[in-house]
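Trainee: I am new to this structure. Please show me how to read it, one feature at a time.

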Amino acid sequence: MRIRSVLAAGATAAAVAVVAAAPAQATEYSSALKIKGVQYDAPGRDSNSCTKGNTKDEYLTVKNYSRTTVNLKGYVVKDATGNRFTFRSNHYLEPGDYVNLRGGRGTDSDAKNVVYRQNCNFIWNNDKDTIYLYKPSGARADVHSYTKSRDDRDGNGYIKYHG
C-alpha cells in the first residue's frame with residue numbers, strides 16, 4: 001500500500017512539473033479537428049510566384065483526433081489579419097488522419113492528404129502570427145499564436161502543437 005502512495009505522489013509531482021514546464025497555450029477547444037502543426041516559413045527564399053515560387057512549401061496540418069470520420073467541408077482557417085481559407089469541397093478525415101493545407105495551386109488529393117489554397121500568396125507571417133480553425137457552425141475549433149523567437153527553437157520554420 002505504501003508503494004502505491006509513493007508512486008501516486010511521484011506521478012502527481014511529475015505531472016505538475018510537466019504542466020509547469022509546458023509553454024502557455026490557448027484555450028483547449030472541444031473539437032475533433034485540431035491544428036497539428038504549421039510550416040509557417042517555407043524553406044528557402046520566399047517567392048510567391050505561381051510558377052517558380054515556394055508557397056507550396058508553406059502548410060498547415062489539421063488532424064482528426066476523434067474516433068469518428070469528420071468532413072472538412074465548411075471548416076475555415078484564418079490568420080491574425082483576416083486572411084482566410086474555407087474548405088469548400090468534401091474531404092473526409094478518418095480517425096487519426098490528417099490533411100496538409102498548402103499554399104500555391106495544385107490538385108486536392110485524399111490519397112496524398114493535401115488540399116491547396118489555390119492562392120500563391122503566403123498566409124503565415126515568418127515572425128509571428130495567430131492561426132484560427134473554425135467549425136462550419138462558426139464556433140472556434142482551435143487557435144494557436146506563435147513567434148519565431150519563442151516557438152521555433154531549432155529555426156526550421158515548423159512548429160508542432162498537437163501530437
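Mentor: Start with a definition. A disulfide is a pair of cysteine sulfur atoms within 2.5 Å. Keep in mind that this is a predicted model.

Trainee: How many disulfides does the structure hold?

Mentor: In general, a disulfide is a covalent bond between the sulfur atoms of two cysteines. Here the structure holds one. It joins C50 to C120, with an S to S distance of 2.0 Å.

Trainee: Which parts does the pair tie together?

Mentor: C50 lies in the loop between β1 and β2, and C120 in the loop between β8 and β9, so the bond links parts that are 70 residues apart in sequence.

Trainee: Why is the disulfide right-handed?

Mentor: Look at the torsion about the S-S bond of C50 and C120. That torsion is about 120°, so the disulfide is right-handed.

Trainee: Is C120 buried or exposed?

Mentor: Buried means under 20% relative accessible area. C120 has 6%, so C120 is buried. C50 has 47% and counts as partly exposed.

Trainee: Now the charged residues. How many salt bridges does a search of the whole structure find?

Mentor: The general idea first. Side chains of opposite charge can pair when their charged atoms come close. In this structure the search finds one salt bridge. D151 forms it with R150, and their closest N and O atoms are 2.8 Å apart.

Trainee: How accessible are D151 and R150?

Mentor: D151 is partly exposed, at 21% relative accessible area. R150 is also partly exposed, at 43%.

Trainee: On to the core. Which residues touch the most other members of the largest nonpolar core?

Mentor: A nonpolar core is built from buried residues joined through side-chain atoms. The largest one here has 24 residues, and L60 and W124 touch the most other members. Five strands each supply at least two residues of this core: β1 (33–39), β2 (59–64), β7, β9 (128–134) and β10 (140–147). β1 gives the most, with three residues.

Trainee: What is L60 in contact with, leaving aside its neighbours within four places in sequence?

Mentor: Beyond those neighbours, the contacts of L60 include I35, V38, V77, V99, L101, W124 and I131.

Trainee: Why is β9 called largely enclosed by the rest of the structure?

Mentor: Count its buried residues. Six of the seven residues of β9 are buried, so the strand is largely enclosed.

Trainee: Which strands pair with β9?

Mentor: To call two strands paired, look for at least two bridges between them. β4 (residues 76–79) and β9 are antiparallel and share four bridges.

Trainee: What lies between the strands in the hairpin of β9 and β10?

Mentor: Five residues lie between them, and G138 in this hairpin takes a positive phi near 100°.

Key:
Residues are numbered from 1 along each chain as its sequence is written. This is a predicted model: local features need pLDDT of at least 70, side-chain atom pairs count only at pLDDT 80 or more; totals for chains, interfaces and linings use all residues. Side-chain values use heavy atoms; hydrogens and water are left out. A salt bridge is a side-chain nitrogen of Lys or Arg within 4 Å of a carboxyl oxygen of Asp or Glu. Buried means under 20% relative accessible area, exposed over 50%, partly exposed in between (1.4 Å probe, protein chains only). A nonpolar core is a set of buried Ala, Val, Leu, Ile, Met, Phe, Trp, Tyr and Cys residues joined through side-chain atoms within 4.5 Å. Contact means heavy atoms within 4.5 Å.
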